[in-house]
Amino acid sequence: MDRWGAQAFYFQPRANGTDGSQRFHLAGAALDIPMDGTLTLSEVMEADHTGALENGVAIRSATRHFPGVRYAIRTDKFAFEGEFVAQRGSAKPVATGAKTITYSGSAGSMSGLWKQDLGRLGDGVARLSVAEGSGDNPASATRNEGFHPSFGRRFDGLERDGWGDFFGATVYDAIGPSTTTANGLPAGISGIRVVRAGVTLPEYRRIRADLDLYLFRAVQTASSASLGHETDFRLSYAVKDRLLFRASAAFFTPGAAMGPKAISAKRVTFEISGKF
């Protein structure tokens, strides 16, 4: 990128109540600064008047700020992206005299990709990613150290979007065994650390094969930190850049933190997409 850029948005997903109750305001801005790559400075703000719970306490309103910085660079053979976002702000409890709850979470990620010429076989690709979101310490009643944006990217249409085709983890939630916690993980567990290593083999007669390995660990937990590991394998076949066939298989093995009743699982899909 060789030009400066700027973006801004405002979104009101909930607008019930003439007195402001049940309302939620979301706004943000970003500034792109050209360098060897692109440096992006950003800020997202949530004004929450929905009367939710925070640290188990009913709150009247909350203001959350997410200042962030991101750097990305891409060449013909190499790509790198790193990002850090903090969560700051405070929440006011409903109860008179109750102490204000403050936010002090954070999240970060780094991803690298290397394309290697393998001679007559063609180009192969290796990739490595690490990501982590902070977890909440249950001993601090008036401070929430967890990172959990209300409208972070978690889905692509109806499909879960995240680390691992099955587990679909972000750095703050996943498709876990719990339906009673906000992050889908067993009670008392928050924050997720992810390590991903993968390769794309050279194409053979328009067939491309991808293999990715994932390791998931909990950041804040009272017992085991192991959430599990996953292996994803994908085959894709393109027909004249207009029709794409893709088959994938994901195998997830739960760790000790998921509980004694957790069992291994798999997800197999077949997709066809076309351009007209």
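Strands S14 and S15 (residues 243-254) pair in the antiparallel sense over twelve bridges. Strands here are DSSP runs of E with at least two residues, numbered from the N terminus, and two strands pair if DSSP finds at least two bridges between them. This is a predicted model, in which local features need pLDDT of at least 70 and side-chain atom pairs count only at pLDDT 80 or more, while totals for chains, interfaces and linings use all residues. Residues are numbered from 1 along each chain as its sequence is written, and side-chain values use heavy atoms, with hydrogens and water left out.

## Nonpolar patch

Val199, Leu201, Ile207, Leu211, Leu213, Phe233, Leu235 and Tyr237 make a nonpolar surface patch of about 650 Å². S13 and S14 are the elements that give two or more residues to this patch. Patch residues have over 30% relative accessible area and no salt bridge, and nonpolar side chains are joined within 5 Å. A salt bridge is a side-chain nitrogen of Lys or Arg within 4 Å of a carboxyl oxygen of Asp or Glu. Areas come from the Shrake-Rupley method with a 1.4 Å probe.

Leu213 lies in S13. Leu213 counts as partly exposed because its relative accessibility is 43%, between the limits for buried (under 20%) and exposed (over 50%).

## Second largest pocket

The second largest pocket has a volume of about 990 Å³. Its lining has 39 residues, and Leu53, Glu54, Asn144, His148 and Ala182 lie nearest its centre. Strands S4 (53-54) and S12 (190-200) are the elements that give two or more residues to this lining. A pocket is an open set of points on a 1 Å grid where a 1.4 Å probe fits, with protein on both sides within 12 Å along at least five of seven lines; lining residues have an atom within 4 Å of a point.

## Whole protein

The protein has zero helices and 16 strands. Of its 276 residues, 35% are buried.

Methods:
Helices (H or I, at least four residues) and strands (E, at least two) are DSSP runs, numbered from the N terminus. Patches are made of residues with over 30% relative accessible area and no salt bridge: like charges are joined within 9 Å, nonpolar side chains (Val, Leu, Ile, Met, Phe, Trp, Tyr) within 5 Å. Buried means under 20% relative accessible area, exposed over 50%, partly exposed in between (1.4 Å probe, protein chains only). Grid points are joined across faces, edges and corners, and a volume is the space filled by probe spheres set on the points.
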